[in-house]
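Here is a short briefing to read alongside the model. Please keep the viewer open as you go through the points.

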Amino acid sequence: MYFVEDGTEKCGFYECRKCNYRFLSMATAARTACPLCEQDIDYEIGPDESLEDLLETADLMEVVEGKENVERMDTLLSVAYAEDESWI
């Protein structure tokens, strides 16, 4: 699968506050790091910032449970981000 491993039965569906990227993650915490924003993190923290705010930019939208539901969501997201538009 594109975002999570085959056979995953529970995962988190996240959306990043900074770049609006939506993705699946094995984590189900309320916040996690966005894989796109994580590559460009500036570790210089100002007086009103925290490291957690810089690292954890994606908010949990939904916990996806069940092997079939996880596969379906993974497929939908992978098609949405694919550059191949032949499926339309």
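Rings of Phe, Tyr and Trp (its six-membered ring) count as a pair if their centres lie within 6.5 Å, with planes under 30 degrees apart called stacked, over 60 edge-to-face and the rest tilted. With that rule, Tyr 2, Phe 3, Tyr 14, Tyr 21 and Phe 23 make up one aromatic cluster. This is a predicted model, where local features need pLDDT of at least 70 and side-chain atom pairs count only at pLDDT 80 or more, while totals for chains, interfaces and linings use all residues. Residues are numbered from 1 along each chain as its sequence is written, and side-chain values use heavy atoms, with hydrogens and water left out.

**Aromatic pairs**

- The whole structure holds four aromatic pairs.
- One of them joins Tyr 2 and Phe 3 edge-to-face, at 4.7 Å centre to centre and 80 degrees between the planes.
- Tyr 2 is exposed, at 52% relative accessible area (exposed means over 50%, buried under 20%, and partly exposed in between, with a 1.4 Å probe and protein chains only).
- Tyr 14 and Phe 23 are stacked instead, at 5.7 Å centre to centre with 15 degrees between the planes.

**Sheet and helix**

- Helices (H or I, at least four residues) and strands (E, at least two) are DSSP runs numbered from the N terminus.
- Four strands form an open sheet in the order β2-β1-β4-β3, with antiparallel pairing (two strands pair if DSSP finds at least two bridges between them).
- At the edges are β2 and β3 (31–32), each pairing on one side only.
- Seven bridges link β1 and β4 in the antiparallel sense, and Lys 10 stands opposite Glu 65 in β4.
- Across β1, β2 and β4 lies α2, which runs at about 145 degrees to β2; axes are lines fitted to C-alpha atoms, for helices over the stretch in contact, and angles run from 0 to 180 degrees between N-to-C directions.

**Nonpolar core**

- A nonpolar core is a set of buried Ala, Val, Leu, Ile, Met, Phe, Trp, Tyr and Cys residues joined through side-chain atoms within 4.5 Å.
- The largest one here has 16 residues, and Phe 3, Phe 23 and Leu 24 have the most contacts inside it.
- At least two core residues come from each of β1 (10–16), β2 (22–25), β4 (58–65) and α2 (67–81), with β1 giving the most, four residues.
- Beyond its neighbours within four places in sequence, Leu 24 is in contact (heavy atoms within 4.5 Å) with residues including Phe 3, Phe 13, Val 70, Met 73 and Leu 77.

**A buried threonine**

- Thr 57 sits in the loop between α1 (51–55) and β4, and counts as buried at 1% relative accessibility.
- Setting aside neighbours within four places in sequence, the contacts of Thr 57 include Cys 16, Arg 17, Thr 32, Cys 34 and Cys 37.

**Salt bridges**

- A salt bridge needs a side-chain nitrogen of Lys or Arg within 4 Å of a carboxyl oxygen of Asp or Glu, and the count by this rule is three.
- Arg 22 and Glu 15 meet in one of them, at 3.5 Å from N to O.
- Arg 17 bridges to Asp 59, with the closest N and O atoms 3.0 Å apart.
- Because Arg 17 lies in the loop between β1 and β2 and Asp 59 in strand β4, this pair ties together parts 42 residues apart in sequence.
- Arg 31 also forms a salt bridge with Asp 59, the closest N and O atoms being 3.8 Å apart.
- Together, Arg 17, Arg 31 and Asp 59 are linked in a network of salt bridges.
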